[in-house]
Every structure is written in C-alpha cells, then in structure tokens.
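Dear colleague,

I am handing over the structure we spoke about, and below it you will find an account of what turned up when I went through it. Please read the notes with the structure open beside them.

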Amino acid sequence: MNAANQSSKRLFILLTIAISLIIAIGTYAYYITQKQSIIQEKKDDLKGIASLKADQLNQWHLERHADANVLVKSPFFVRAVQQLKNQGITPILEHDFYAQLQLFNKYYGYDNLILADTSGKLLVSVIETDSVLDDTTARQISQAIKSDKIYFTDIYFCTQHNKYHYDIIVPVWNNLPYPLMVVIVRIDPEDLLFPIINSWPTESPTAESLIAKREGDFAVFVNSPRHSSQQPLQKKIPLTDTLVPAVKAILGFTGFVEGDDYRGKAVLSYVHQLKDMPWYMVVKIDKSELYKELNFRTGIILLTGLLLIFITSASLVSIYSFRQRGFYKYLLAQELALTNSETRNRTTLYSIGDAVITTDTKGVVMQMNPVAERLTGWNEKEAAGKAIGKVFNIMAEQSRQIVQNPVERVLAEGKIVGLANHTLLISKQGHEIPVADSGAPIISAEGEILGVVLVFRDQTAEREAQHALEVSEERYALVIAASEQGIWDWHVDTNEVYYSEQWKKQIGYEDHELKNDFNTWVEHLHPDERESCQDAVYSYLKQPVEHFVLDFRFRHKDGTYRWIHNKASSLINNEGKVIRLFGIHTDFTEHKQAEIELLEKQQAIEAQNEEYCALNEEYMSVNEELKTTNENLLTAVEKAQESDRLKTAFLNNLSHEIRTPLNAIIGFGDFLGGPDLDREEQRKFVAIIQRNGFQLASIINDIVSMATIEAGQEVLREMETNVSEVIEVVHQQYLKATNLKALEFIIENTLDETEAQVFCDETKLTQMLGNLAGNAIKFTEKGNIRITCSLKGDMLHFCVNDTGIGIPKEFHRDIFERFRQIEPDSSKLYGGNGLGLAITKAYAELMGGEIWVESSTGQGSRFHFTIAYKPLHKKEGKKTMNTMKELDKDDKKTILIVEDEYSNYFFLELMFSKMGIVPIVAHNGQEAIEIIKSNPLIDLVLMDLKMPVLNGFEATKQIKALRPNLPIIAQTAYALSADKHKAIDAGCDDYLTKPIRKQDLMAALAKYL
C-alpha cells in the first residue's frame, strides 16, 4: 500500500512536473505568439494607415492637377490671355479676369488665384490687396516654364502674407514655343493638406503621421510634429542621426523601420516615398504603447502559469479546471483584440465624407458607413453578408442597361477602378441616384487582396445645376430668335459675347460678317465717343444700378454713323459683382437728326439775339474806351515829357561830366608844351591830366555797362572768387581818396577763410562795391566810410555806410533809376552821371539779390545789397595780391607789341625802353605770327584785340598753338566784361583795358616776367 502510495506519489510528482513543464513551455509559446500577433497587428495598422494617407495625398494631388487643367485649357481663357498679351492690361480686361478667377476660386475653395506674366509681374489677383508676388513665387515661375508642364512648388512660409503657401504654377500655352502667361493656384496647406496628413483613424496617445523632405544635410518635417510646439518646416534632424525613421526614409529605406524619433523615444514606423511628390511618408507609434498590452498580457500569462503549477500540485482536477478557465480567458482576450481592431477600422470608415462600402474577396458586403446607408437605402446590418451587386445596384443612365459592378473589376484586375460617366445607383426603395467615384483593393502585407473598398458620391445636385443651365440657355435662345430688336449678351465673367442677327443688320452686316467679340462693339463706335463709352461701361461694372443706358454713334457698313439707343440689365452674383449684361440696340437716327436740326435752329436764333445784344453793349462801351484812351494818352504824354526832361538833364550833365576832364586834359596838355615850364609844374600838370583821364574812362565804362543792361545782353561770368580779396581791392583803390578828405575808411568782414571762397562774377562785384564806395566818399566831408560783409542764410550781405549829407526819404526809390539824382543840380556840386546806382541795382538783381537804402537828410546813408551765396566748400589760403616789383634791368626781356595805332605803340615803346625792355612792334595779327615764328627770344606778347588783316583773338589762338607757354596779355579799348572772357577763352593769360595805367601794366609784367 505504501509502495503503491509511494508510486502514486512519484507518479503524481512526475505528472505534476510534466504538467508544470508543459504549462511553462505552453506559457512561453503563448507569450511568443501574443507578441508576434500584437506586433503584426500594429504593423498592419501602420501600413494600412500609410497606404490610406498616400492614396489620399495622391488623389488630392491628381484633383488639384485636374482643377488647374480645367482653368488654363479653356479656349475662352486662353483667348483672353492672348488678348491681354497683345493689348496689355486694361480696366475691362482686369475686371474680366478678376471675375473669372474669383468664380473659379470660390467653387474650388483655394486660398488665392493669380495671373502673372512670365517675368514674375503680378497682373490680376483674387486677393485685391496683393500687388506684387513674393520672392519665392517669382523665382519658381522660371522653373515652371522650364519644366514645360503643370508645376507644383514645395510648401514654404511666405513672410509677405505671414502664412504657409503651396502653389501650383500653370503655364498658359497657345500653340507657341513659349507660354503667354502663368496662372498661380495658391493653396493654404493648413486648411487643405495638413488635416489629411495629421488625422489618425483611432485614438492613440503617441501615434502620428509625418511628411518629411530633404534640405541639404537635414531632414525637415513639412507638417508640425504632434509632440512638438514647432511650426511646419521648423523641425530639422541631421542626416547623420540614422536612428530617426525620417532620416532612414530619406536615405532610401522603405517599409517597417525601428528606431528613435525626434524626441529620442523608441518607435515602430512605416516609411516610404510619396509618388510624384518630393516627400517621404512616416507613420509611427511609440514602442511603449505598442508593448503596453503585450506587457499586460505577459504578466497575466506568467501569473496564470505559476498558479496552474501551484494548483497542479494540489489537484489535477483543479489544474484542469483552472486551465479551462485560462483557456476561456484567452478566447476572451482575442475577442477583445478583434473588437478593438474592428472599432478602429469602423471609426476610420465613418470619418470619410463620401459613401464607403467594404467587401471581402468574394464581393460580399462587410461594412458600410452612414453615407452609403443613406444612398443605397440599406442599413449596415441588413447589407452585411449580401453580395455587393444586391446592395450597390447600378446601371447606365442612357442605355438603362446593368453595368459591371466596380468591385468585380477590382477583384479581377487588382487595381483601382473608376465608374463610367452617367451611372445611376438604384436604391433599395427604387430611387435612381447619379453617382461617381471609384473602387480600390485592400491589400495585405504579403500583397494579397483581402477585399475591396468602394467609394462613391451623389451627383444629383451637380446634375440639377447642369440641367437648369441648359434649360435657361434654351429659353434664352428662343427669346433672342423672337425679338426684332438688336440684342446682345455679354458674359462678363468669361468675356463671351453674343450679337443677334438683327443687331448686325442695324449696321448693314449679315450674321456671318461680324465676330461675336467685345472688340466688335468698340471698333464700330465713333472715335470721338469710343473712350467715353468704354469708361461708362467700366463705371457701371464697378457700381451697377437698375439699368445701363447709353446713346452713341455706331458705324454702318457704308461708312455712315447711325444713332443707337442702348439699354441693358445686369446679372449680379452674391458678392455684388456683375457677371452678365443683356441689352438691346434701338436705331433712332431719324429722331436724333430731327432733334439736332431743331437744336441748330434754336442755337442760330439765340446766337443772333446775342449778336444784337453784343452790338448794343459794344456801342455803350465805345465812349468808355475813348475816355480811358484819352486819359492814358495824357498820362503817356506826361511820362514822355518827364523822360525827355530826365534824358535832357542827363545829357547836359553827361556833357558837363565828359567836357570837364577833357578840358583839363587838353588845357594842361597845352601847358606841357610851354618853354618856361619847370619840372615841378610838369609833374603837377601830368598828374592832373592822368586823374582827369581816368575820370573820363570811368564815365565811359558806366555808359557802356548801362547800354548792355538796357539791351538785355549783360550776363554773369562766374568764377572762383575770394570775397575778402575783392573788398580789400576796393579798400586799396579808394584809400587814397579818403585820406585826401581826412575820412576814416573802415572794413568789417565777418566771413572766415572758408566762407569767403565763393562762385560769382568777380568783376561785377568789384564794380558794385566801387560804385557805392565812390558815392559815399563823394557825398561825405567828415566822419568815416564803412564797408561791412556778412553771411545771412543763403545770401551774402554787403553794406556801405557813410556819414555824409544823406538822402531824403522821398528820393529813396528814384535814386536807383537811370539818369536820376537827388536834385537836378546836384551834379554841379558833387559831380556824377546818375548811372552808378542804376548799374549796381541791375547787377545785384542779376546775381540773385536786391539793393535798398536807409538814409535821411543830414544823417548819412547806408546802402545795402545782397547776392546769392554759392560756396566752393574748400579751404584755400588767401591769395597774395599782385604787387609791382622792379624788373631786373640787367636781365633784358623782349616784348612783342601788337598794335595798329601809332600813338599807342609809341607810348608803350617809350615806356618799355626806359624800363630796360626790348620792344618789337607788329601792326596786325598776321605780322605778329610771322615775328613769333622767326624770333624765339620773345618773352611776352602785348596783344591788341581789334586790328586789320587778322584780329587779336585769332592771332592769339595761332600763337598759342606755336608756343603754348608764351604769356599773352590782351589790351583793348572795349570795356565789356564779355570781351575779357572772350580773350581768356581765346588763350590770353591776362587782360588790360585802355587807357592802360602804368601801375596796372607793371603789375601784369611782374606777374609773367
């Protein structure tokens, strides 16, 4: 018994051990099976989702391609673009394109539609605030043209609009080797593309789908990662980080990939490149989520095994019972897993907006979404298990014949199959519903067909809209045919135009002789009314009212013009834009001509009445005119008498001014020839003759200057000038005169060295200061003379102040008129010809300034004048004034005197001989040239400008050509500044005005010898 018990015990122990081993081995095998099942299930989910998203993206891509083709391959659109290319953008063309692009954009739901030329210039945009293209789009246009097809850009962030763009650039061709324009279809990826990528069919805390692309040495995520706050195109991974699935996809891996994602989390992924797009699809899930269920099941399995082993040692019955319960748990777990999988698939199926039916490999219905239930009339429970042909019953709309079910074709061909056009779905209730779309195979990981997904949509609304349009067109055609008026119809949004047969007959044409084109109307308008009529149309399109009414002249075939009354009504869309104009033409030429004749007769009568009134008014005004004329004549006589009086006084004064120095010159000249004249008297008489000679020259200079001013020939000869030096020259010139009258001569110059450097007419500025200084000295017997200079804004201000007799206020304006003096007899006391102030005033105004006086009787005078300040903006040291230096008599110099007047060259010969200079005389310019050629020892030329044979200007040019460095000093009796500049331009180095003073001649010689 004990042995039996022992044996039973051993048998029990062995049986327990055997069963325990079997349980352990079974537990491990079950764990392996569960692990592989869960992994395979997740892989199938990932691959299915990846395939679904890839198909959605490919389908989306194809639809966008088709949309673009619909727009740019429309004959009307291409013709309109050709017209725009030929004529350029006009308000009407811009409106037409805007209306058509806006309608297309509204229907398809894009972000924007843009028409641009091939250089990247924006012409028309649905978004009216856009006037230029962003830089990225402008660069992509050239790539699109090179590709010779519809061009999809990559997604990019536009800083101009602060948003992401995905553009389709479509060249518009018209049988030419180059495109006419380009149309840019702009998509907002955040509205139309990213939702497709980011959606996930089931709830998952870690799963996500990403689109990646390559940028240099980085993988860039196109959409925003689910577990990152970074925006699209911001997340970048180096290609050296090969553990990241997106990097592996870019490096060429396809299929299932394990690695670490951008967060460093271990993930399982399915990766592949998208068809016809530069992107890579990455569908992934965290391994922690993947193994979460496995870990849970593993714990249950291990615990169950241990419990089984423990209970086996107690009772085989208990072990059997426990194993049975474990087996049931296993079945329950599998059922739960299957239920979860079905729930995920059903959620995906129900989220699709179109009708969807799934079948098995025999075409038996397995699932259908609510949209499919509504269209077929079958609910999912009723349809499950039935053949697809029973539930999805279709036939050809026109032939009414049953057509092959697309599911059968998919199962037979193993590829996506689309329904034929004009297909009707017969619902369970017998309703006929027009449908369209396609079927696609469900393929396993091993490439086997597991079933079919049938996707379709209701086309009833589309068909009704099309039918309504066709009915409307038929009615419209009947109305046109029945009307006797000239009828026209303009589709503003497409620019299509129709003119009825009667419309063309009104202007003498048969129906086939005129094109149904908008330009036909424009070309037949009268040229005087063409622009105004087009403006009227454009204004109406911008602000439409109830009716568009317009009268105009229209050219007949015979060349005459008919008067047309046009009245039209408009069709306006929801945005208030005119999309269609329909109107009639009425010929009212006869009525218009009668109206014109009546109007002309009325105008003739009115004109005759006006003429009579005008004659009466003319007669009444004659007396007034005669009266005014008499008054004007009296005033003119008074002015003429005053002018004659002034001129007479001036001529008398001028005669006195000229004869006084001339009398002294002639009188003391006679004394010089007397036999009893000693040397002291001789020097005194010579000084008197010289002083009166220079006074006479000054009078002549004033007369010449006034003559050029009166003739309007006085011009500015501006040059680099040092204002401080000009003031110093005037100071030195009149210092002796002030000393003789015991007057203090004061200079107050506030200009610094830089400010004094200006651009002006130095000669005129010197003459102006000299005139005012001379007058001040003339009318001042005691006190001082003061010259001040300062810079005030953009003007140079000068003032010459004296303590003389002063000027009564009533003469302040008159003294600046020529021939005017304070009193007619003032010249007898103080001398003067009355021209100095007039010349100074003219010069001040010529130099951009003005002149005025502040003075009263006995209080002295302050003469102010200004000139425009034109700085040179450079610092130069003060020029050193030329001073006369003694010539070295031992250094014999030779001077050529070119002069045709005997007294002049005799004077110069005599002067040079006493100075130790060898003089040579030439009597004309040609003789001077010959002497220069034969005598290389000549050191300087003193050239007269007015001579016979060859004048001094031409002679100077030829001498300078022979000896460029030979100094030439011009001498002339002409005192005009223009002569000086002309001489300098001819090549002269300096200029002396006759009569030549010895000190001026010596200064010039010292400068060049």
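Helices and strands here are DSSP runs, a helix having at least four residues and a strand at least two, and they are numbered from the N terminus. Please keep in mind that this is a predicted model.

A search of the whole structure finds 5 cavities of 30 Å³ or more, and the largest cavity has a volume of about 140 Å³. Strand E20 (486-491), strand E21 (496-499), helix H17 (518-523) and strand E24 (578-587) each contribute at least two residues to the lining of the largest cavity. Among the residues that line the largest cavity are Trp-488, Trp-490, Tyr-499, Phe-518, Asn-566 and His-585, and by class the lining has 9 nonpolar, 2 polar and no charged residues.

Elsewhere, Val-452 lies in strand E19 (residues 449-458) and is buried, with a relative accessible area of 0%. Once its neighbours within four places in sequence are set aside, Val-452 is in contact with residues including Ile-357, Asp-360, Val-407, Leu-411 and Pro-441, while Val-364, 88 residues apart from Val-452 in sequence, is 9.5 Å apart from Val-452 in space, C-alpha to C-alpha.

Finally, the axes of helix H26 (residues 925-934) and helix H27 (residues 952-962) come within 9 Å and cross at roughly 10°, which makes H26 roughly parallel to H27. Gly-925, Ile-929, Ile-932 and Lys-933 of H26 make the contact with Ala-955, Gln-958, Ile-959 and Leu-962 of H27, and by class this contact has 5 nonpolar, 2 polar and 1 charged residues.

With best wishes

Terms used. Residues are numbered from 1 along each chain as its sequence is written. This is a predicted model: local features need pLDDT of at least 70, side-chain atom pairs count only at pLDDT 80 or more; totals for chains, interfaces and linings use all residues. Side-chain values use heavy atoms; hydrogens and water are left out. Buried means under 20% relative accessible area, exposed over 50%, partly exposed in between (1.4 Å probe, protein chains only). Contact means heavy atoms within 4.5 Å. On a 1 Å grid over the protein atoms alone, a cavity is a set of points where a 1.4 Å probe fits but cannot get out, and a pocket is an open set with protein on both sides within 12 Å along at least five of seven lines; lining residues have an atom within 4 Å of a point. Grid points are joined across faces, edges and corners, and a volume is the space filled by probe spheres set on the points. Ala, Val, Leu, Ile, Met, Phe, Trp, Tyr, Cys and Pro count as nonpolar, Asp, Glu, Lys and Arg as charged, and the others, Gly among them, as polar. Axes are lines fitted to C-alpha atoms, for helices over the stretch in contact, and angles run from 0 to 180 degrees between N-to-C directions. Angles under 35 degrees count as roughly parallel, over 145 as roughly antiparallel, 65 to 115 as roughly perpendicular and the rest as oblique.
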